[in-house]
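Good morning, colleagues. Please direct your attention to the sequence and the model now on the screen.

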Amino acid sequence: MKQTGRDTGAARATSEREGSGRLEPSRRATGSKPDDAALGATPPPAEALAQAELAPGLYLVATPIGNLGDVTLRALAVLRGVDRIFCEDTRITARLLARFGVATPLGLYHDHNAEQVRPAVLAALRRGERIALVSDAGTPLVSDPGYKLVQAVIAENLPVTVVPGPSAALAALVLSGLPPDAFLFAGFLPPRQARRRRALEGWSSLSATMIFFESAARLAGSLADMADVLGDRPAAVARELTKLHEEIRRGRLVDLAAHYRGAGAPRGEVVIVVGAPEQSTPDDAEVGARLRTALAELGVSAAAARVAAETGLPRSELYRRALALRGEEP
Ligand code: SAM
C-alpha cells in the first residue's frame, strides 16, 4: 500500500438495497440503520447474495486491512457480480479474489493512470456496466484513489453505491481508548518536517480526537512533532491491525515518541490516534479573578456562563461562586 495524493479524499455516495434481490446503486440517501426488510430477518448466505443480480453502476467496495476473514458477504457478492473490478495493484487484489474463488476481470486504477483510465470507466458506466472499485486494503478513497472518479460519476448522475467494510482509521479509533464522540481523520501528514509541523499547528486547537495514517519509518519523528506542536496529550499507536502481530500502544505523546525513538521503526503499518487538548483546570484564585472581571460588566448568570466557557468548569458551581462574590446568598 502507498500514500496517495491527487485522486484521494472523502466523497459522498448513497446506497440502497431493494427487496427484489437486486443490489441497487442509488442516488437516494437512506438512514443509517441496517435495513432489515432488505436483508431479511437473518443475513442471507453468501451463495444467495452471489446469485443476486447486480444493477449497473459503480460499487465502492471495502476489503480487509489484514485479516481476510473481515471481507463482507456483500463485498464478495458484488466482486463476483460486477463486470470488472478496478484496483490499485492487480497482484494484491488477485490474491484476495483467488482466496474466495472470484474470477472477475481486473483493471488498474491508481494515482499514476487515473487521468487516462477514468474516461473509460465513465464510458463503461454509461453503457450500463457494473464496475467495482477497490484499493489494496480497506475502504477506497480513504487516503486511496477514487475521489475524482466518484466526483465525475456524481456529476454525470450515474449510479454509485458503497459496500462498507474495514478501514484502518475507524479500527484504530475504537481501539485507542480515546473519545470517539468527535474525531477528525487527517490522513497522512506531509513527509517534510516543516510542513508537517505547520499542518499540526492547523489542527492544534481542535477539540476532537485526531486520526493520522503514518509510515512506520516516520512514526517516531511524527510523534515527536506532535508532542512539540500539540502538547503532551494522550495518544495511541495502532500497528498491524487485524493481523497476527496486532499491537496497540497507549500513552502520552512524549512517552510514545521516546519509545519509538529508542526502539526504532516498528514493522508493518501504523495509525496514530491523538486525544483532544486537555482543558487544564484553573486554580481557585484564577477562577475568582475571572469571575470578578466578568461581574464588573455582566450579571451573575452571564458572568458564570462566560467563565464556564473559558474554563470548562460547571456553570452551576460558577453561578454559586459568582453569587457569593456579589455578597448574595445562593
Ligand atoms: N484505505 C485504507 C483504509 O481504509 O484503511 C487506508 C489506505 S492508506 C494508503 C494505508 C495506511 O493505512 C497505512 O500507511 C496505515 O497508516 C494504515 N493501515 C492500513 N492497514 C493497516 C493495518 N492493518 N494496521 C494499521 N494501520 C493500517
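What percentage of the 330 residues in the chain do buried residues make up? They make up 35%, where buried requires 20 or more other C-beta atoms within 10 Å of the residue's own, exposed means 12 or fewer, and partly exposed lies in between, with C-beta atoms placed from the backbone.

Two remarks on conventions. This is a predicted model, in which local features need pLDDT of at least 70 and side-chain atom pairs count only at pLDDT 80 or more, whereas totals for chains, interfaces and linings use all residues. Residues are numbered from 1 along each chain as its sequence is written.

I turn to the overall fold. The chain has 13 helices and twelve strands; these are DSSP runs numbered from the N terminus, helices being H or I of at least four residues and strands E of at least two. Among contacts between residues at least 6 apart in sequence, 71% join residues at least 24 apart, a contact being two C-beta atoms, placed from the backbone, within 7 Å.

Next, the interior. A nonpolar core is a set of buried Ala, Val, Leu, Ile, Met, Phe, Trp, Tyr and Cys residues joined through C-beta atoms within 7 Å. The largest such core has 67 residues, and Val61, Leu79 and Val273 are among those with the most contacts inside it. Helix H9 (residues 219–230) gives this core its largest share, six residues. Domain 1 (15–166) and domain 2 (169–274) each contribute at least three residues to this core; the bounds come from an automatic or database domain assignment. Beyond its neighbours within four places in sequence, Val61 is in contact with Ala75, Val78, Leu79, Ala132, Leu133, Val134 and Val163. A second, separate core has eight residues, including Val300 and Ala322.

Now the ligand. Of the 27 residues around the ligand, Gly138, Ser167, Ala168, Phe213 and Leu241 come nearest; a residue counts as near if its C-beta atom, placed from the backbone, lies within 6 Å. Helix H7 (168–176) and strands E9 (209–214), E10 (234–239) and E12 (270–274) each supply at least two shell residues.

Finally, Pro190. This residue sits in the loop between strand E8 (183–188) and helix H8 (193–203). Pro190 counts as exposed because it has 12 C-beta neighbours inside 10 Å. Its C-alpha atom is separated by 9.6 Å from that of Glu214, 24 residues apart along the chain.
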